[in-house]
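Trainee: I should like to be guided through this structure step by step. May we proceed by question and answer?

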Amino acid sequence: MTSLVALNPAAHRLHYVLPDVAVNHSARQQLIPVVPGEFSFVATQLPLVLTKHEHTGEFGIAALCGFAPGENVLVGGDTATPSWQGLYVPLQLQRQPFFLGHDEQGGASICIDPQNPAVGVLGAGGVVSGIASGVVSGVAHGQNAALPAGAERLFLDDGSATGYLAQAAELMKEIVAGEAQRRDLIALLLQLKLVQPLALDVTFANGQSVRLQGLYSVDAQALAQLPEADVLTLHRSGFLPAVYAMVQSMSQVYHLIHLKNQLLGQAG
Amino acid sequence: MSDTSNVTAKVTANLKDNALGKTRVVIVGGGNAGWLTAGRIAAKHRCMDPNSKVEVVLIESPGIPPIGVGEGTWPTMRSTLLALGISETEFIRQCDVTFKQGAKFARWVDGGADDFYYHPLVLPQGFGKTDLAAHWQLAKQQSAAESSHHTSNQHISPPWQLGSFANDVCYQQAVCEHGKAPKTIRHAEFAALANYAYHLDSGKFGVYLQQHVTQKLGVTHILDDVIGVLPKAPEASVCGFGDATEQTTKQDIAAVQTKQHGLVHGDLFVDCTGFASLLLGQHYQVPFISCSDVLFIDRALAVQVPYDSPDAPIATHTISTAQSAGWIWDIGLQHRRGIGYVYSSKYSSDDEARAVLRQYVGPKLDELTVRSIPIRSGHRHHFWQQNCVAVGLSAGFLEPLEASALVLVELSAQMIAEQLPQDRAVMDIIAKRFNETFAYRWQRIIDFLKLHYILTKRPEPFWRDNCDEATIPQSLKDLMLLWQYRTPSDLDFTSNNEVFPAASYQYVLYGMGFCSDKMPLATSAQWDMALSALEQNRKLTAQALAALPSHRDLLNKINEFGLSTL
């Protein structure tokens with residue numbers, strides 16, 4: 001279980017993050033939630049599907065990355081050093097290892113999981129601790145003598161946020177706004193009856209087959225037959241491009257199958 | 001509640017004449033029977049549409065309360081709600097609804113604390129392809145023979161770890177015993193992982209139906225008392241109940257006389273007046289055929305019992321526990337339980353019965369209101385006379401051992417809606433078919449209920465007398481003889497009008513320890529198929545237990561988030 005800690009300059013002045021490790025560590029998910037603003041980027045490689053939240057039954061929209069829970073065919077490397085190989089990094093991965101925490105007064109703050117392998121602390125006297133595997137560099141010279149290559153500090157010595165942390169904060173805001181947009185898009189899709197259950201029966205090159213359940217997609221036929229008033233509503237909502245991105249992205253299932261076939265071939 | 005003044009004006013304008021040429025159905029009586037029937041007919045014939053050829057009017061007495069019990073349903077209720085355009089989420093929220101996955105019969109065989117069997121709603125594994133019951137029976141007989149004769153059969157050893165029948169062949173018993181819901185928050189409305197029905201609050205259901213049926217389905221609601229009947233004959237006059245003559249029993253009803261709204265004319269009248277059976281029983285004097293010689297229960301003590309805490313577990317099945325002179329039903333709703341002792345006054349005094357109920361409920365019974373309801377077990381000789389058909393308690397009543405009351409209402413409402421005579425010329429034919437259909441159904445229900453009683457080993461007089469051959473219908477006796485030679489199968493139940501599937505009989509028969517001891521042995525190929533069905537059931541059981549949430553958790557989530565229609 002992750003335990004999140006709210007960031008503050010006093011406690012975290014010596015903390016740093018390795019962004020690449022953060023992305024790769026969190027990448028191995030079968031379904032990665034995405035927001036409408038990034039649909040056109042994601043749709044070039046991955047199918048966009050609707051799924052229901054495990055605890056509430058509410059619909060969400062995600063990029064489908066694999067054929068079983070925990071499987072992601074866009075993650076290469078090995079178990080110890082996974083690496084995301086997609087062209088675009090979804091916001092959900094980009095924002096790692098940061099989370100938005102809410103306190104009892106309803107205020108929001110940026111939090112971090114100190115146990116995340118991408119998070120490290122500069123030790124006193126330049127001894128580096130908490131480094132994720134494979135990223136140790138030798139002692140370097142200069143002010144950040146102990147900072148590993150590619151690492152980003154969270155706070156400057158004077159306690160102010162680094163450019164990196166400020167960027168991360170902006171990203172969180174973008175995601176929050178994007179999630180609200182996603183809810184509106186889903187509500188509209190349901191209202192216009194444009195959602196259909198998706199039954200995916202897939203057979204791979206080695207004869208193995210799998211049936212994906214619990215997924216939904218945009219009903220392209222219903223979309224084509226929308227009455228005029230609904231077409232106008234959809235256009236005015238600004239979501240028409242997002243809806244078409246979802247429709248077009250379904251052909252990326254073949255891309256996923258291809259990647260899986262490659263993996264199965266190598267396992268051979 | 002509808003706005004009476006507006007309704008009165010609209011209704012009195014229309015009630016005299018059928019100027020629009022629509023077929024008018026007048027339902028007398030509210031309650032679940034009245035509103036379900038009104039809803040079924042109005043939905044089928046699109047009465048919201050002004051161009052509909054059918055009009056439905058329901059007259060409900062403001063003074064007569066509905067019976068207020070009757071809380072178990074069948075899976076058919078899901079289709080009924082769908083047909084009426086009712087949202088499952090709203091139904092669950094408004095009517096204190098919980099999920100019912102079958103019935104647990106406790107203490108029916110020898111009365112011991114561990115004596116119970118399940119009648120679940122899911123079919124035995126491979127039903128229709130493999131006769132798992134037959135192999136289970138053979139394996140059971142063989143292992144009994146083995147332990148006494150030290151022989152062995154290669155088909156029977158280890159894979160057949162025999163426990164209770166329902167648990168071996170079906171995963172739903174385990175789901176119930178673990179208090180799991182039959183689906184998850186991600187399932188759409190009315191979709192199931194495990195087949196299910198509902199437990200509901202009868203009073204709240206009636207109120208909810210009334211509101212939905214009048215507002216969304218175009219049914220006219222009149223709040224008034226029906227005090228007489230105007231027969232359809234030249235120069236006829238209104239007769240009060242009890243004044244009917246032999247002549248009037250052969251005449252159609254032209255209209256019913258109400259206290260404040262005058263005459264309400266109609267083409268078809270549906271009697272949903274409950275035990276009173278005003279139209280069919282009192283006006284048409286259709287005799288009541290008692291079946292108390294077969295089913296002895298004639299009294300009920302009913303009580304509503306609160307939970308000990310707001311997160312107490314809720315049973316996902318009806319619990320029916322045998323007692324000395326009858327049995328106790330225990331139904332868990334979201335906010336309270338409905339518990340009742342049905343018994344035979346011939347074998348127990350009212351004081352003794354109350355003591356039995358108190359033993360079950362506990363001392364808190366002393367603070368609760370207990371209702372005593374007389375039960376007249378049986379049904380009318382026929383159900384459709386002239387242009388009047390009875391639905392619900394007005395047609396008959398049997399003890400709620402298999403929750404048959406509401407399903408009979410649903411089946412009646414469906415048949416009337418689907419075969420609604422648009423013309424008097426065809427009505428007699430439809431009436432005859434309705435009567436045949438439901439005479440058959442009542443008989444099958446009586447047989448099936450009796451089956452629960454005749455395999456007991458309990459010593460009390462109520463139970464001993466239940467096993468007396470003279471009290472067992474011949475149709476049931478015939479089946480019991482057949483079932484020594486084979487398991488209950490669809491071959492035994494070939495009418496279109498069957499109520500219970502063959503699997504239900506299997507669950508009761510083998511749950512109570514019946515032995516089909518004259519069955520032929522199976523081939524090894526059949527054994528293999530049966531074994532793999534058994535194995536498949538074990539897998540499904542593990543999967544179901546892992547995937548399903550607890551019953552109360554799911555209900556909480558449905559109340560908070562609702563179920564999607566998709």
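Trainee: Is A:His12 buried or exposed?

Mentor: The model is a predicted one, in which local features need pLDDT of at least 70, side-chain atom pairs count only at pLDDT 80 or more, and totals for chains, interfaces and linings use all residues; side-chain values use heavy atoms, with hydrogens and water left out. Residues are numbered from 1 along each chain as its sequence is written, while chains are lettered from A and ligands numbered from 1 in the order in which they are written. Buried means under 20% relative accessible area, exposed over 50%, and partly exposed in between (1.4 Å probe, protein chains only). Because its relative accessible area is 5%, A:His12 is buried.

Trainee: In which helix is A:His12 found, and which residues is it in contact with?

Mentor: Helices (H or I, at least four residues) and strands (E, at least two) are DSSP runs, numbered from the N terminus. A:His12 belongs to helix H1 (residues 9–12) of chain A. Contact means heavy atoms within 4.5 Å. Leaving aside neighbours within four places in sequence, A:His12 is in contact with A:Val5, A:Ala6, A:Leu7, A:Leu154 and A:Phe155.

Trainee: Is A:His258 buried, partly exposed or exposed?

Mentor: A:His258 sits in helix H9 (residues 252–267) of chain A. From A:Ile32 it is 226 residues apart in sequence and 19 Å apart in space, C-alpha to C-alpha. Its relative accessibility is 44%, so A:His258 counts as partly exposed.

Trainee: Which elements do the buried residues of H2(A) pack against?

Mentor: Helix H2 (residues 19–26) of chain A has as its buried residues A:Val21, A:Ala22, A:Val23, A:Asn24 and A:Ser26. These buried residues pack against strand E7 (82–84) and helix H4 (91–94) of chain A.

Trainee: What share of the residues of chain A count as buried?

Mentor: Chain A has nine helices and 14 strands, and its C-alpha atoms fill a box of roughly 70 × 55 × 30 Å along the principal axes. Among the contacts in chain A with a separation of 6 or more, 69% are between residues 24 or more positions apart. Of the 268 residues of chain A, the share that count as buried is 45%.

Trainee: Which residue does B:Arg24 form a salt bridge with?

Mentor: Side chains of opposite charge can pair when their charged atoms come close. A salt bridge is a side-chain nitrogen of Lys or Arg within 4 Å of a carboxyl oxygen of Asp or Glu. For B:Arg24, with the closest N and O atoms 3.4 Å apart, the partner is B:Glu55.

Trainee: Why does this pair tie together separate parts of chain B?

Mentor: Both B:Arg24 and B:Glu55 are buried. B:Arg24 lies in strand E1 (residues 23–28) of chain B and B:Glu55 in strand E2 (residues 54–60) of chain B, so the parts tied together are 31 residues apart in sequence.

Trainee: Is B:Glu71 buried or exposed?

Mentor: B:Glu71 forms a salt bridge with B:Arg336, the closest N and O atoms being 2.9 Å apart. B:Arg336 is buried, with a relative accessible area of 10%. With a relative accessible area of 6%, B:Glu71 is buried.

Trainee: Which residue does the side chain of B:Asp330 join in a polar contact?

Mentor: B:Asp330 lies in strand E16 (residues 326–332) of chain B and, at 6% relative accessibility, counts as buried. A polar contact is a pair of N or O atoms within 3.5 Å; within protein, one must be able to donate a hydrogen and the other to accept it, and residues adjacent in sequence count only if both atoms are side-chain atoms. At 2.7 Å, the side chain joined to that of B:Asp330 belongs to B:Tyr360.

Trainee: How many salt bridges are there between chain B and chain A?

Mentor: The contact takes eight residues from chain B and 13 residues from chain A. Three residue pairs between the chains are in polar contact (both at pLDDT 80 or more). The count of salt bridges between chain B and chain A is zero.

Trainee: What pLDDT does chain B average?

Mentor: pLDDT is the predictor's confidence in each residue, from 0 to 100. It stays under 50 over residues 1–6 of chain B. Where pLDDT is low, the predicted coordinates should not be read in detail. In chain B, 94% of the residues score at least 70, and the average pLDDT is 92.
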